[in-house]
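Hi,

Here's the structure I promised to pass on.

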Amino acid sequence: MATSKTLANPKLNITLPPLPVIGALITVYIIWGSTYLGGAIALESYPPFILVATRLSIAVVIMLTALKIRRVPFPPIRQALNAAFIGGLMFGGGAGLVAFAQQQGVASGLESLGVAAVPLWATMFAFFFGY
């Protein structure tokens, strides 16, 4: 198990995360950030909502194939429909509108910053509304 190191100021009691955690975060940043660049390139050839629908369809096939290979039972139909509804809202509303904004000229870097700020907004709303 990896250990953490304490920073120079012991009064703050701040610890550094283990190296695998830092590596995982860097990997997520690179992969997640590259999706916006890839989207900008793909939007030169495809309409935004078709692009997002294709991306979602490929992800669904990959996930269902992984379930089948691991012999995990498929979710009940009601649960699958609920997940499909929420996924449709997230991809159609979230990713689809981001791709549409990108097509309208919003820079991919600005989009990625906006999307990355969503957890901060959610935390702020939860704090102010008592959740």
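Predicted model: local features only at pLDDT ≥ 70, side-chain atom pairs only at ≥ 80, totals over all residues.

Which helix provides the largest share of the lining of the largest pocket? That would be α3, with seven residues. Helices here are DSSP runs (H or I, at least four residues), numbered from the N terminus.

Residues are numbered from 1 along each chain as its sequence is written, and side-chain values use heavy atoms, with hydrogens and water left out.

A pocket is an open set of points on a 1 Å grid over the protein atoms alone, where a 1.4 Å probe fits and there is protein on both sides within 12 Å along at least five of seven lines; lining residues have an atom within 4 Å of a point. Volume means the space filled by probe spheres set on the points, which are joined across faces, edges and corners.

The largest pocket comes out at about 450 Å³. It has 15 lining residues, and V60, L64, A80, A83 and A84 are the closest to its centre. Both α2 (48–69) and α3 (77–103) give at least two residues to that lining.

The second largest pocket is about 390 Å³. Its lining has 16 residues, with T35, Y36, R55, A95 and V98 closest to the centre.

Cheers
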